[in-house]
Amino acid sequence: MTASPEILRCPLCQVSIESNGGALDSVQFSNGPKGTRSKLWSRVCQYLKTPDQQRQCINQDSDLRGVEQMGDAFPDAPSIDLTKS
Ligand SMILES: [Zn+2]
């Protein structure tokens with residue numbers, strides 16, 4: 001398999017997905033670091049409720065996005081250590 005990654009765009013979620021075949025896909029959010037399909041799902045795609053929206057979203061396939069990882073649903077925030085600085 002030498003195919004270069006395919007860039008998919010979700011018209012509803014406003015993200016680009018670099019498709020490498022399922023679990024290795026990387027999602028470029030409109031801002032912030034790259035994430036995974038499961039992260040995209042927990043933050044955005046799961047809130048699409050109508051069948052019409054779900055048909056347009058490119059991240060509705062549970063096989064592709066895999067299981068949700070810890071921290072997927074939360075923003076990336078630096079941990080705050082009040083004992084220093
Ligand atoms: Zn989507």
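Modeller: The model is predicted. Cys13 counts as buried, because its relative accessibility is 9%. Cys57 falls in that class too, with a relative accessible area of 7%, and Cys45 is buried at 0%. The cut-off behind these labels is a relative accessible area under 20% for buried.

Two of these cysteines take part in a metal site. The zinc ion has Cys10, Cys13 and Cys57 as its protein donors, each through SG, at 2.1 to 2.6 Å. Along the sequence, the spacing of the donor residues is C-x2-C-x43-C. Cys13 sits in the loop between β1 (6-10) and β2 (15-19), while Cys57 sits in the loop between α2 (51-56) and α3 (62-65), so this pair ties together parts of the chain that are 44 residues apart in sequence. As for sulfur-sulfur links, a disulfide would need a pair of cysteine sulfur atoms within 2.5 Å, and the count by this rule is 0 disulfides.

Turning to the charged side chains, side chains of opposite charge can pair when their charged atoms come close. The structure has 3 salt bridges.

One of them joins Asp25 and Arg37, with an N to O distance of 2.6 Å. Asp25 is in the loop between β2 and β3 and Arg37 is in helix α1; the pair links distant parts of the chain, 12 residues apart. Asp25 and Arg37 are both buried.

Another salt bridge is formed by Lys34 and Glu18, whose closest N and O atoms are 3.7 Å apart. Lys34 belongs to the loop between β3 (26-28) and α1 (37-43) and Glu18 to strand β2, so the contact ties together parts that are 16 residues apart in sequence. Lys34 counts as partly exposed because its relative accessibility is 49%; the cut-off for exposed is over 50%. Glu18 is also partly exposed, at 25%.

A further salt bridge is that between Asp52 and Arg55, at 2.7 Å from N to O.

Notes:
Residues numbered from 1 in each chain as written. Predicted model: local features only at pLDDT ≥ 70, side-chain atom pairs only at ≥ 80, totals over all residues. Heavy atoms only, no water. Buried < 20%, exposed > 50% of the residue type's maximum accessible area, 1.4 Å probe, protein only. Donors = N, O, S within 2.8 Å, 3.2 Å for Na, K, Ca; no water. Helix = DSSP H or I, 4+ residues; strand = E, 2+ residues; numbered from the N terminus. Salt bridge = Lys/Arg side-chain N within 4 Å of Asp/Glu carboxyl O.
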